[in-house]
Amino acid sequence: MSKTYQNPIMRGMYPDPSIVQVDGTYYLVNSTFEYYPGIAVSKSKDLVNWTRMQGIAIYPEQADLRQAKSNEGIFAVNIRYHDGFFYVITTNFSEFKTIIIKGQLNKDQEEIEWEPNRVEVEIRGIDPDLYFENDRTYVQFTGYIDDQGTKAIQQVEIDLTTGDLVTEPKVLTKGTGGRDVEGPHIIKRGDWYYLLIAEGGTGLGHMITMQRSHELWGPYEAPLEVNPIFTNRDRAEEPLQNIGHADLFQDPKGNWWMTCLGTRPSAVEFIKITNTGRETLLYPVDWSEDWPKVYHGVPTQEVDLTDFYNHAETIGEQKIMPFVDEFSNDKLGAEWLTLRDSLGDRLNISKGKLSLTGSDRTIEKLGTPSFLGVRQSEPKEALEITVDIKDTKLNQGQAGIVSLINADHYAALMIQYNAEKSEYEILKVLKVADIEQSEVVGTSKDLPHQLILKNDLASKRFSAVWSDREIYFDISSLHLSNEAIAALNTGDMEGIYVLNDAELTITKVERK
């Protein structure tokens, strides 16, 4: 039992959290947008220490991400458990289809086996939720209801097997007055149906609100003084911002908890920027009266459970574990992501080495470039990559380390071989919107044994390191921030990037 823990509980780009508890194990899903595998899933026994499981959507028949543009793909995900099966419902925005994927625990109860196909639900909206009652299945979602862009939370009854609509969509609520009403979840408690929603848009005005009704189909209402039930929209001094898109669940002892998303902006001179994207937060809930009270009313980084003794019995000793991969397993670890699809035979893992062969596909083009990355999990951290200089062959291509937030905002240290001069050239590659830069910042007769990306609040340093020297360059972190792309969907990804016929072989990746 621990009396305190730190938010975020999932650090880096883990937005739109939804949690379900099954037999004492918690399962968390998060949106992944254009990254592959689609739909992140993790599990925990104590709510603060999470183990990544293999991503859910690995086949186009589940969710076709191959033409997903930046900030498209897998939008808000919801997970529920019903009659022995897991159900994940989400919107694949690149297809604009609402899909359900069904899964079941395997024999040893350690992994979830997801069905290779999906069920489609013909609704025109996003942020779908599943609610089960009396052998019936209902889907709540947000969508437009007129030509003026008015959004509302709507509901349909569906056939769970086929996805066919049993009823036409009906409006449940237009919200409590905030813009962009979204993220609905229905919770039945006593004689009331509670509708948890998010309003204010994914940004500084984000807030969590709630209404209720005696009838599943509404009308849903709440006294003015109830909402918002949780937000930091008027607390610019708080380190956590953009609080919203929540889910409510119970632990095995019946205690209520809320998971929601938030960001950790970094103060850089007179502005704040965000590189880690939207992350997963967790708070205890007191639901002893009509309306839930979330923690002490303020979304904080440190959560003190002194006044939540029963909740504290669920929480373990939180351990922030560094990410280290030495490729001892021939299967790619669950932390790793690519863009839109599998790398196929371009990727090989064997005997403690990972090799990635290049492609003519660059990051700014749709498709799947030879990029393999992990989430930036802290505003200040380093990603260190150990290069196998014997098995790395650049040929006519390039290879290096890259950081990106979308297709039009990325930076990389790339290495190419100049055959005429018999030397390796170290390139600074930068793309910020319509500005592109590629210049040689140094040369060497041999390959570096390490590539390092050092993230700081205001800058990112890209380094090629030898035993006796280092070649590096810096860029502003602002270039790869949510503020630079005017969108909060994704966060920074970082990893290796290979072009054309080059082959980069690495033996260790460590984030610290």
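This report looks at salt bridges, a surface patch and an annotated domain in a predicted model.

Let's start with charged side chains. Side chains of opposite charge can pair when their charged atoms come close. In this model, the count comes to 29 salt bridges. Here are three of them:

| Pair | Closest N and O atoms |
|---|---|
| Glu120 and Lys97 | 3.5 Å |
| Arg179 and Asp180 | 2.7 Å |
| Glu313 and Lys253 | 2.9 Å |

Take Glu120 and Lys97, joined by a salt bridge. This pair connects distant parts of the chain, 23 residues apart: Glu120 sits in strand β11 (residues 119–121) and Lys97 in strand β9 (residues 97–105). Glu120 has a relative accessible area of 28% and is partly exposed, and Lys97 is also partly exposed at 28%.

Now for the salt bridge between Glu313 and Lys253. These residues are 60 residues apart, with Glu313 in the loop between α1 (309–312) and β27 (323–325), and Lys253 in the loop between β20 (241–250) and β21 (256–263). Is Lys253 buried or exposed? Lys253 counts as exposed because its relative accessibility is 59%, over the 50% cut-off. Glu313, at 35%, is partly exposed.

Salt bridges can also join up: Arg11, Arg264, Glu279 and Glu378 are linked in a network of them.

The surface has a nonpolar side too. Phe270, Ile271 and Leu478 form a nonpolar patch there, with about 350 Å² of accessible area together. Ile271 belongs to strand β23 (residues 271–273) and is partly exposed, at 42%.

Finally, an unreviewed UniProt entry annotates residues 325–498 as "domain: Beta-xylosidase C-terminal Concanavalin A-like". That span is 52% strand and 2% helix, and its end C-alpha atoms lie 19 Å apart.

Notes:
Residues numbered from 1 in each chain as written. Predicted model: local features only at pLDDT ≥ 70, side-chain atom pairs only at ≥ 80, totals over all residues. Heavy atoms only, no water. UniProt positions renumbered as here; feature names shortened; annotations may be inferred. Helix = DSSP H or I, 4+ residues; strand = E, 2+ residues; numbered from the N terminus. Patch = residues over 30% accessible without salt bridge, like charges linked within 9 Å, V, L, I, M, F, W, Y side chains within 5 Å. Areas by Shrake-Rupley, 256 points an atom, 1.4 Å probe, with all protein chains shown as cover. Salt bridge = Lys/Arg side-chain N within 4 Å of Asp/Glu carboxyl O. Buried < 20%, exposed > 50% of the residue type's maximum accessible area, 1.4 Å probe, protein only.
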